[in-house]
Number of protein chains: 2
Amino acid sequence: MIPLPEPMRRALTVAAEAAGAGEVPVGAVIVHDGRVIAAAGNAPRSLRDPTAHAEMLAIRMAAALLGRERLEDCDLWVTLEPCAMCAGAIAHARVARLYYGAPDAKGGAVDHGPRLFGQPTCHHRPEVYAGIGEREAAALLRDFFAARR
Amino acid sequence: MIPLPEPMRRALTVAAEAAGAGEVPVGAVIVHDGRVIAAAGNAPRSLRDPTAHAEMLAIRMAAALLGRERLEDCDLWVTLEPCAMCAGAIAHARVARLYYGAPDAKGGAVDHGPRLFGQPTCHHRPEVYAGIGEREAAALLRDFFAARR
């Protein structure tokens, strides 16, 4: 079996940590110059912030670290297909490449629902690579929701 | 002439302040129990944060103030039609009513582009009222971009 790329392994680790904190397990990391410069788990409950999805937190961390609002030389790795809010933020930040794990037929906005990057009004489309770590990411979500039932 | 409702006047004031700081002039306020509890201008440049649209900042402020991630008893007033990121955040926050000023044919995602609240996968649709303060909001934007040309 081919091992998962390091950024997706890191994203899965923060996703698992989020589950431990009672958050829906989604994790995201930003890679710049071949290094992970930001990593965050989903945290809307603990931060009491409806915008605190893993991708949003990772993007904000990376932008703060680099001291600029554009991340055109950065890649985002996230365990779940981004929602409309996060896909919009990815476009605003001009993220170069998006790697996501599990598809999200209900809430995803990249390859489901509004398919934001395919909209004529979308001003930036990252390269998108889906399915990396899908099995592991989906298992985390499944176990989380099964335990809460 | 009918005077604008107080929340939209407040949103226009913060939008004008944003322009003074070199930001695209958009302002947003959150109303809870008939009172403005959060107000923010667009600030991605000054905060070096691609997610720092007026709506996002106002939603995060209100959620922090109320100590919860849902704003189902709150209304959002914003001078410009929200983009996909902000419309997504409005849905996540379960904002009750959205009042916006000027339409945004290029970047708007409520009545243009992906029309997010009309998507079958959208899990919350606020009541939407458009055009309140449109003339004033559009003038702020027009003057801002004219001055930068």
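Which residues in helix 1 of chain A meet which residues in helix 5 of chain A?

A: Happy to take you through it. This is a predicted model, in which local features need pLDDT of at least 70, side-chain atom pairs count only at pLDDT 80 or more, and totals for chains, interfaces and linings use all residues. Residues are numbered from 1 along each chain as its sequence is written, chains are lettered from A and ligands numbered from 1 in the order in which they are written, and side-chain values use heavy atoms, with hydrogens and water left out.

From helix 1 of chain A come L12(A), A15(A), A16(A) and A19(A), and they meet E136(A), A137(A), L140(A) and F144(A) of helix 5 of chain A. Contact here means heavy atoms within 4.5 Å. Helices (H or I, at least four residues) are DSSP runs, numbered from the N terminus. The residues of this contact divide into seven nonpolar, no polar and one charged. In that scheme, Ala, Val, Leu, Ile, Met, Phe, Trp, Tyr, Cys and Pro count as nonpolar, Asp, Glu, Lys and Arg as charged, and the others, Gly among them, as polar.

The two helices pack at an angle of about 5°, with their axes 10 Å apart. That makes helix 1 of chain A roughly parallel to helix 5 of chain A. Axes are lines fitted to C-alpha atoms, for helices over the stretch in contact, and angles run from 0 to 180 degrees between N-to-C directions; under 35 degrees counts as roughly parallel and over 145 as roughly antiparallel.

A salt bridge is a side-chain nitrogen of Lys or Arg within 4 Å of a carboxyl oxygen of Asp or Glu. Because E6(A) and R9(A) are three residues apart in helix 1 (residues 6-20) of chain A, about one helical turn separates them. R148(A) lies in helix 5 (residues 134-148) of chain A. Leaving out residues up to four places away in sequence, R148(A) touches G22(A) and R45(A).

Now for the partner chain. The contact takes 29 residues from chain A and 29 residues from chain B. Together the chains bury about 2300 Å², 65% of it on carbon and sulfur atoms; buried area is the accessible area (1.4 Å probe) that two parts lose on being put together, summed over both. Two salt bridges are counted between chain A and chain B. R60(B) and D49(A) meet through their side chains in a salt bridge (3.1 Å, N to O).

Helix 4 (residues 84-93) of chain A also packs on helix 4 of chain B, at about 155° and with axes 7 Å apart, and the two are therefore roughly antiparallel. A84(A), M85(A), G88(A), A89(A) and H92(A) meet A84(B), M85(B), G88(B), A89(B) and H92(B) there.

E55(B), M56(B) and I59(B) of helix 3 meet M85(B), C86(B), A89(B), I90(B) and A93(B) of helix 4.

Notes. Parallel < 35°, antiparallel > 145°, perpendicular 65-115°, else oblique.
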